[in-house]
Amino acid sequence: MAAGEAGTMTAELLLPPPPLPPSPPPGGAGTERALEEAAASGTLSLAGRRLRAFPVAAARRWDLSDTTQADLSRNRFGEVPEAACRLVSLEGLSLYHNCLRSVSPAIANLQALAHLDLSRNQLTSLPACLCLLPLRVLNASNNRLAQLPENIGALGALRQLDVSCNELRALPASVGQLKSLRDLNLRRNQLTVLPAELSELPLVRLDFSCNRVVAIPRCYRRLRHLQIILADNNPLQSPPAQVCLKGKVHIFKYLHLEAEAATATRPPPTCLTDELCPLRQRGGLDSGFNSVDSGSKRWSGNESTDEFSELARQPREKRSRGGERGGDPVTPWGPPSPPPGATVTPLGATVTPPGTHCHPPSPPTSAAGDSDPEQVDFIEGSLTGEEEEETPLEEQQGSSPRGDTPEKVAGGK
């Protein structure tokens, strides 16, 4: 008996151990069912399963090539799973609330991806290859982004961009190339300046609240599609905070007034000099060469034509003639002294009181008693046209009897 029992025990020890049951996929039996449903419906939902890696082995049992939506949110992925980047038919991918520190370049394989949610992760940058996708919605909020890709303008189909709750200090100039962008969320960053390029976009909603923006650019008044603008919790000075609290209409009205004031205070263009304007008309002088005018009008280009200069010149010429004919001495400066009892008008004319006779000065005579013809020709040649007409009238009055009235004397002058 003892020998039989010992042989039985030896046989049992020599038998191979029974095979172990297949290990369940990560996440439990629910993951297997989710993969099975994805193969049937095209929507993969593995949200909230605390997954650290994608269930590659289980996914091989099912055909997921036609999957268009994948929800991998609320897990513990450290990077975008490589297996998810092989689902080339994906149109929407959610990696919300994971532990992502980087985005794999393999995401460029998803050439049908239109919606990407990378919010609530630990990303410090976005790869440039991400901007080569046909994205319409990109949510990268609640990360640690310090800057956006320089080629973000390549996302020509992007309609909604959410980069709120990051550490952005500036936006690249290429953001002005997002010609389809309708909704831009810049809330809770460290922005100090808003790029002027945003004024060229068809934005409907703009949120830059909780930043460090001091002024809204005046060119933002051209955002004619804008319906909602959120600018609270900024140290705004232009427009003032009390204006921004009243809403979009008051903000745009302020920007319009600021633009008009800036245009009104702009200095006028300076006149160009003669060197820069060779065709500019110049008041040239008449040299008198081949001129048909008399010698007294050859230099009329330099003479003043107003009545004040004419009236001021007449007493000088008469005074010059009177001094040569033996009358009052000619003084080099100032008007001639009026006769006793006469008054001088503001225009320089002398009015004699009634009973006083005015005689024209006689022509100067030489020692022989004859007038000097050279002096007479010089004086007559220096008279203007009006004086030449007035001179015969004065001579006629001088030849009239002494009973002339003051009205006739004043009319002659």
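Q: How many contacts beyond four places in sequence does the model have for residues 405–413?
A: This is a predicted model: local features need pLDDT of at least 70, side-chain atom pairs count only at pLDDT 80 or more, and totals for chains, interfaces and linings use all residues. Residues are numbered from 1 along each chain as its sequence is written, and side-chain values use heavy atoms, leaving out hydrogens and water. pLDDT is the predictor's confidence in each residue, from 0 to 100, and a contact means heavy atoms within 4.5 Å. Over residues 405–413 pLDDT stays under 50, and the number of such contacts is 14.

Q: What is the mean pLDDT of the protein?
A: Residues 365–371 also stay under 50, with six contacts beyond four places in sequence. Across the protein, 57% of residues reach 70 or more, and the mean is 75.

Q: In what order do the nine strands of the open sheet lie?
A: Strands are DSSP runs (E, at least two residues), as are helices (H or I, at least four), numbered from the N terminus. Two strands pair if DSSP finds at least two bridges between them. The pairing here is parallel, and the order is β1-β2-β3-β4-β5-β6-β7-β8-β9.

Q: Which are the edge strands of this sheet?
A: An edge strand here pairs on one side only. That holds for β1 (43–45) and β9 (228–230).

Q: In β4, which residue is the bridge partner of Leu-93?
A: Strands β3 (92–94) and β4 (115–117) run parallel and are joined by three bridges. For Leu-93, the partner in β4 is Leu-116.

Q: Is Ser-141 buried or exposed?
A: Ser-141 lies in the loop between β5 (137–139) and β6 (160–162). Beyond four places in sequence, its contacts include Leu-118, Arg-120, Asp-162 and Asn-166. Buried means under 20% relative accessible area, exposed over 50%, partly exposed in between (1.4 Å probe, protein chains only). With a relative accessibility of 5%, Ser-141 counts as buried.

Q: How many disulfides does a search of the whole structure find?
A: A disulfide is a pair of cysteine sulfur atoms within 2.5 Å. The Cys-129 sulfur has its closest cysteine sulfur in Cys-131, at 8.3 Å, so a bond is ruled out by distance. For Cys-165 the closest is in Cys-210, also 8.3 Å away and too far for a bond. The number found is zero.

Q: What relative accessible area does Cys-165 have?
A: Cys-129 counts as buried at 18%. Cys-165 is partly exposed, at 23%.
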